Structures are given as structure tokens and as C-alpha cells.
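Please read the points below with the model open beside them.

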Amino acid sequence: MTAVACHNLEFGRTMLDFLACGCTSNASFDRFPVRSYAKGAVRNVNRGYKPRKLVCFQPEIGPQTKTPEALLTAVTADTPQVLDLKKELRSPASLTNLFEVVAEDLQTLNKNLQSIVGAENPVLMSAAEQIFGAGGKRMRPALVFLVSRATAEIVGLKELTKEHRRLAEIIEMIHTASLIHDDVLDESDMRRGKETLHQLYGTRVAVLAGDFMFAQSSWYLANLENLEVIKLISQVIKDFASGEIKQASSLFDCDVQLEEYLIKSYYKTASLISASTKGASIFSGVNSYISEQMYQYGKNFGLSFQIVDDILDFTQSAEQLGKPAGSDLANGNLTAPVIFALKKEARLRDIIESEFCDTGSLEEAIEIVKRCGGIHRAQDLAREKANLAVQNLQCLPLNSFRIALEELVKYNLERIK
Amino acid sequence: MSAAEQIFGAGGKRTRPALVFLVSRATAEIIGFRELTKEHRRLAEIIEMIHTASLIHDDVLDESDMRRGKETVHQLYGTRVAVLAGDFMFAQSSWYLANLENLEVIKLISQVIKDFASGEIKQASSLFDCDVQLDEYLLKSYYKTASLIAASTKGAAIFSGVDSEISEQMYQYGKNFGLSFQVVDDILDFTQSAEDLGKPSASDLAKGNLTAPVIFALEKETKLRDIIESEFCESGSLEKAVDIIESCGGIDKARELAKSKAELALENLQCLPLSSFRFSLEEMVKNNLERIR
């Protein structure tokens, strides 16, 4: 028997009630594709496993952290079943599955984003469609929703607040605005397999669209009226700019250290993610220890994520990447694999410092990076950060959201297996 | 750093910070403040950073080569540095703003940044549009210029701790002065030489940005519409358009508009005690009009 936490007040429901509240029971697997995101139960349909009897139970009233044991005793199941849950979630592994528990939240987000950006002007509307339709994973908003729901349980919050939702929208707007400007700064033509905004509409529209989105998100942020979160996110926007400058001023600089790379990766990627996860927990009203752990989770996951991205820039084909391979290196942006490789192979330095003026030198550099273990060491680094991230989740009660957060960390590593 | 020197050293008048300080001191007197608070000072810095950031991006958006008689940041260093410098300054000012920890001021200034973006978009989507009405022009001028000024003056009053009626009057002062200021700028774009302007003359019109003088002239002279809609493809057409605008009184009517906003601004100062600071605020309004005598 598998125990799953069902977040609603009624106790001892009939099967129909289970369906209404989003839980599933053994009889329902094939016939009722239950959309359980709203209530937080894990969907276990059609996985080819033996049907299990799921039981709803009443969460105790009042804010308290549930230990896994307490959760499970309430339904007289034992711990190993929860681990089975993880296996089920991991196959088939895909982001859509991982984010299933917050799928509806994400749908609402998409609609809101399009209308926020598009409302102003038809040109921005097309730009908005180009950007928001370009296959973005919505990972950051998903993180906000997952952490919101995971932490909400601790304090007995039933539903996400509008602050939670607005925070997710703000985060995605900031992220998108930064991508638009990044592409102007990098003079990139392709992103996610499609042409970049500034390639299609020109630099002007790209700068304007980016500015508009930054401005909108600042305004929504201010109107959340939470000083802690306002300061948190303002720090992120500052970090973005700092990160860009750091990167721009150290292109082709072979003396770059790992520490600097991690700071730059923090500024450019992990800062926003950690502010998202921390912000979500602030709006849940959990104590500062948990908020801090959520911050660390975001930071460690964010770093792991960036390192994996940097590895993939070497190992994936242009088709998979949606843009040319080895482009970081070609632009002089020296990432983890390169930094590790530079310690081993002096020749690499010369090639990089030549800024790849000779044909074939980029390919040669990539070869060297791979050959002398730069990729492997980067993989180790990514794993190390991932482990830290999983540890940061320990303070959360065992529920489908915490599991999804763990699985996300692992899924990220799968990309470089 | 070099970009910053280019911008901050390029002869800016620091009108906006001056307004913050003047209003701060003028209102401080009402409740017996002796010195400016650090919030006042930080507000002035934030305002100037936002203003400067917007100029840098504006020049990228307008593809301008010259500002204040010097080359623009993006002309010298490229679009990339210009976008980056602008972003950095916006980011810094947002961060300092957040750390002022005053929700009212945070919301006030965030609204401004949103207005800037809206104003740019409004302008970009109505270039060469001869159907533009005066109130749209005023709205766009509010977004692009008066909004920041109004938020500065109101913010200064908030940090002085005066009551909301005075804060509101300070807001209106900023708004009316800001509109007057923008209208005067728009007039000067026609009447000054390139040397005085620090950039080519009639560049607004050349780009299709139709300001007060043009809007008034369009009501009088239909020929002007054709020339504008041709987007000045014929040589000499820009000069012809400028002539029409001057001869049919477009400049004069714009001057009247600038004066009427200035008068409103002066009225808004009535609630302040008579002091050298209030006097300076009045003089700023009048000096602005002197530019188009």
C-alpha cells in the first residue's frame, strides 16, 4: 500500500470523493485520468504497476513540520513505499512529468504572461509570442510553485496565494527579459531552435521588449508590498547586470579561476533561482531557517544547472542545443570544462588566446577539453552541487512536491549522463 | 567606467536631483527639519541614475550619434556596452530603491520605470502617424519625462514627512513642470541650431516623432501631412516641413501650451512656505520658459 498525502480537510472519503479531491484509488487507474495538481496528490496512472490502495488522511491542524514517520504512521504504511514513489516518478522521466503536480499553475501562468506583455502593443505581442512560445521549460515558475506547495504544507496553507502566483510571473518575466537582452549582448541569432528576437525584429525592439519586461516585473514586485522579497529580487536584477559585466570583461581570459566562474554563474543563473525558491517560502510564511534552506537549494541547484548547461555546450550537437555547439568557447566565455582543462593542457591556452583566428582551432580546442578530462571534472562539480541541493530539502516534509524538487535535481544530472 | 564618465561627464544639468534637493529643503522647513536625510540624498542619486540609464537606452533605440555635443555611449562603445551600461544603472537604482525600505516611494518609482517603457513603446508605434492627438502627445510626454520628475518631487516630500496634500501638490508641480519642460524641449528642437542643441536640428521630426508644434501645425496646414507621411524621402522636404510649422504658428501655440503648464506648476507651489527654496522652484519654471522667449 502506498501512502500519499492528500491536502484537504475531509477524512475517510468515498472513491468519488477521492476523485473530486484529486486522489486516486486502485480501481480508478485506467478509467479516471485524475488531475491531481490542485490538491497535491501524486498521480499514479498507467505506470504498469500493481494497483495500490491510496488513502486520504486529515492533516493535523496548525503549523507543524511533519516527519516522514508521522505522515506514514497515520496511514499505517511504512517508509519503503515512499521510495517506490520516486521510482514511479522517474520513469518515464521528463520535465512535464516532474511538473505535473503544478501543471495547472503553469497553464495559468502562461496565459497571464501573454496578456501582461501583449496588452501594451501589437509589436510587443508578436515579440511576446516569439519569446513565450519558443519552447521555454518554465522551470523557474515551476520551482516557485513546487516550493510554495511544499512549504505550504508545513504551515497548513491550503492553496497558493496570489502573491505566490505573482512571484512566479515576475520571475519568468525577469528571466525572459534577461534572455532577450543577453541575445542582444551576445549578438546571437538562435535560441531554442528559433531565431532570436533581435534577429527578427531588430535591436531596437529587443532592447525595448527587454526593458518593458524588466519594468513590468519591477512594478508588480513593488505592488507585492513585501519589503523582504522586493529587496531579494532587486538584488537579483543587480546580480544579472554584474554577471554580464563580469563575463564581458573576462572573455578569452585564461587566468580565470573556478571561484570566479562560480560567482559569475551565481550572478547569471543561481541568483534568480535561489531568490525564487526563497521568495516562495517567504510567501508561505515558514520560519527563516526553512527559507534559508530553500535559498540554498535554489543556489546549489542553480549552480548545478548552469554547470550542466556549460557541459552540454560542448557535448551536444547544434540540433539538440537549438544553437551552434561550442558557442560559449567561441565567444571567449570560459566555463567549467575549459577551466579544468586549462590546468592540464597548456596548449589550450594558446589556442584560446588566439581567439580562434585559425580555422579548425575551435574544434581542436573542444577536442583537448574533452580529451584531458575537463568534461568529467565538470560533471563531478555538477554532481557535488546537486548533492548539496538535495540535502537542503531535508527540512521539508515528505510529499510529492519535495519529491519533485529532488527529482528535478536528479533529472538535471541525467542530461549529462 | 569609461561609459560612466562619458555619460556623467557629458554636461548634464542635474535638473532632476536639483529638484529633489529643492523640494526636500522647501518641505523640510514646514515640519522643522534642519538637514536633509540620507533618504533624500539617496533618492536624488536614484533619480539621476534612472534618468541617465534611460538616456543611454533611448540613444540605442533612436540610433542617435550625438548627445550634449558628445558622441553617445553606443556610438563610441557599441550597442552591447550601451545596453549593458543602461541595464546596470537601472539595476543599481532598483536595488538602492528597494533598500530605502519605503513602500510608497518604491511603488512610486517602479511606476516611473514602467512609464518609461510604455512611453518608448507609444512613441515607437506612432512614428509618422499624423492622426496623433494632443492628449496622446501629453500622455507620452508624461510617460517619458514628467513621470520621473513628478515622482522625484513627490518622493522628496514623502521623505520630509509632510502631509499627503502637500505631497500631492509636489507631485502636481513635478508633473506640470515636467510637461512644460518637455514642450519647451520639443520647441527648441525646431528653433535652435545644431550647435546649441548638441545634436542635429529637427531630429524629432526627421524620425517621425511628432511633437506639439507639429501637432498644432497639422491642424492648420494639410500639406504638412503629405510631407510627413512621405517620411521625408525627398531632399529638402524636412526643411520645408520646418518652415510650414513655423509659418502657420505651430511654434507659437506650443509656446502657449508650455506657458499654461508652467502657470499650473507655479500654483502648485502655493502650499509651501515662502523660502529661498520655494523661490528657486518658481525660478526653475520661469527659467525653462526663458529658453523659448
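**Notes on the interface and on chain A**

1. Across the interface of chain A and chain B, the rule finds 2 salt bridges; a salt bridge is a side-chain nitrogen of Lys or Arg within 4 Å of a carboxyl oxygen of Asp or Glu. In one salt bridge the side chains of Lys231(A) and Glu101(B) meet, at 2.2 Å from N to O.

2. This is a predicted model, in which local features need pLDDT of at least 70 and side-chain atom pairs count only at pLDDT 80 or more, while totals for chains, interfaces and linings use all residues. Residues are numbered from 1 along each chain as its sequence is written, chains are lettered from A and ligands numbered from 1 in the order in which they are written, and side-chain values use heavy atoms, with hydrogens and water left out.

3. How many residues does each chain bring to the contact? Chain A brings 32 residues and chain B brings 30 residues, where contact means heavy atoms within 4.5 Å. About 3,200 Å² is buried between the two chains, and carbon and sulfur atoms give 70% of this area. Buried area is the accessible area (1.4 Å probe) that two parts lose on being put together, summed over both. Of the area that chain A buries against chain B, 20% comes from Leu185(A), Arg204(A) and Leu208(A), more than from any other three residues.

4. Now chain A as a whole. Its secondary structure comes to 20 helices and 2 strands; these are DSSP runs, numbered from the N terminus, with helices (H or I) of at least four residues and strands (E) of at least two. Chain A has 417 residues, and 58% of them count as buried, meaning under 20% relative accessible area (1.4 Å probe, protein chains only). Among contacts in chain A between residues at least 6 apart in sequence, 74% join residues at least 24 apart.

5. Is Val308(A) buried or exposed, and why? Val308(A) counts as buried because its relative accessibility is 0%. This residue lies in helix H13 of chain A, residues 288-315. Leaving out residues up to four places away in sequence, Val308(A) touches Ala382(A), Asn412(A), Leu413(A), Arg415(A) and Ile416(A). Of these, Asn412(A) is 104 residues apart from Val308(A) along the chain, yet their C-alpha atoms are separated by 7.3 Å.

Terms used:
Buried means under 20% relative accessible area, exposed over 50%, partly exposed in between (1.4 Å probe, protein chains only).
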